[in-house]
Amino acid sequence: TETSILIIDPVDYDDFGYYVCVASLSSDKFVYARDCCDSDSESGSGESIETVYAISNISQLSVSPSGSISINPLEIVTSFGDTISFNCSALGGPDNQYNWTHLSNVVGNDPQLTLSSVTFDDDGVYQCEVFNAAGNDIATSVLNVTLVSIAIINGPRNQTVESGDNINITCEYF
């Protein structure tokens, strides 16, 4: 018997997949028979190089996504009624699966989580768990829902005045 070993050191996230072992045997002699039960059949031997192959069953290598998971964005501040999306990505595999949770409830199972018409109930921490046969990892993001969207258009301007003067400090916002 002979042994062949494939060494993957160190394993990388991209090494996941399906592997087979292929063994070959070459010979310069062969015997053949054709139509064994017919009196006119040919049989004989000869010289030629023949190669015979044996293929193993398919083996799956799963690589844990641990250490590779990321969420984008890490925090969202949005207004009541808006639509938002979180994106979760991870390496490793194959067959990475996704679970999004909020307040211990599963709220999605795709790499992207989209929430339409957000309310204050949607406010809080979101976790994306990525898992496969080799392991799992979790990343978190935060959603802050505000009542209204507000922004300063023009803030107060520098002013120079004398003691006793009257001034107006203006702030424009929407």
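The legends below describe close-up views of a predicted model.

Residues are numbered from 1 along each chain as its sequence is written, and side-chain values use heavy atoms, without hydrogens or water. In this predicted model, local features need pLDDT of at least 70 and side-chain atom pairs count only at pLDDT 80 or more, whereas totals for chains, interfaces and linings use all residues.

**View 1. An open sheet of five strands with mixed pairing.**
The order of the strands is E6-E12-E11-E8-E9. Strands (E) are DSSP runs of at least two residues, numbered from the N terminus, and two strands pair if DSSP finds at least two bridges between them. Strand E6 (75–79) and strand E9 (105–108) stand at the edges with a single partner strand each, so one side of each has no neighbour in the sheet. From one strand to the next, the twist averages 30°; the axes are lines fitted to C-alpha atoms, and angles run from 0 to 180 degrees between N-to-C directions. Strand E11 (residues 124–132) and strand E12 (residues 135–146) run antiparallel and are joined by nine bridges. Asn132 stands opposite Gly135 in E12.

**View 2. An open sheet of three strands with antiparallel pairing.**
Here the order is E5-E7-E10. The edges are formed by strand E5 (70–72) and strand E10 (112–115), each with a single partner strand, so one side of each is left without a neighbour in the sheet. The twist averages 15° from one strand to the next. Three bridges pair E5 with E7 in the antiparallel sense, and Ile71 stands opposite Cys88 in E7.

**View 3. A cluster of Phe86, Trp100 and Tyr126 linked by ring pairs.**
Rings of Phe, Tyr and Trp (its six-membered ring) pair if their centres lie within 6.5 Å; planes under 30 degrees apart count as stacked, over 60 as edge-to-face and the rest as tilted. The count by this rule is three aromatic pairs. The ring centres of Phe86 and Tyr126 are 5.5 Å apart and the planes are at 35°, so this pair is tilted. Phe86 lies in strand E7 (residues 84–89) and Tyr126 in strand E11, 40 residues apart, and the pair thus links distant parts of the chain. Phe86 is buried (under 20% relative accessible area, with a 1.4 Å probe and protein chains only), at a value of 0%. Tyr126 also counts as buried, at 1% relative accessibility.

**View 4. A nonpolar patch on the surface.**
Tyr18, Val20, Val22, Tyr53, Ile55 and Ile58 form this patch, with about 700 Å² of accessible area together. Patches are made of residues with over 30% relative accessible area and no salt bridge, with nonpolar side chains (Val, Leu, Ile, Met, Phe, Trp, Tyr) joined within 5 Å. A salt bridge is a side-chain nitrogen of Lys or Arg within 4 Å of a carboxyl oxygen of Asp or Glu. Accessible areas come from the Shrake-Rupley method with a 1.4 Å probe. Tyr53 is found in strand E3 (residues 43–55). With a relative accessible area of 57%, Tyr53 is exposed (over 50%).

Definitions and conventions
Helices (H or I, at least four residues) and strands (E, at least two) are DSSP runs, numbered from the N terminus. Patches are made of residues with over 30% relative accessible area and no salt bridge: like charges are joined within 9 Å, nonpolar side chains (Val, Leu, Ile, Met, Phe, Trp, Tyr) within 5 Å.
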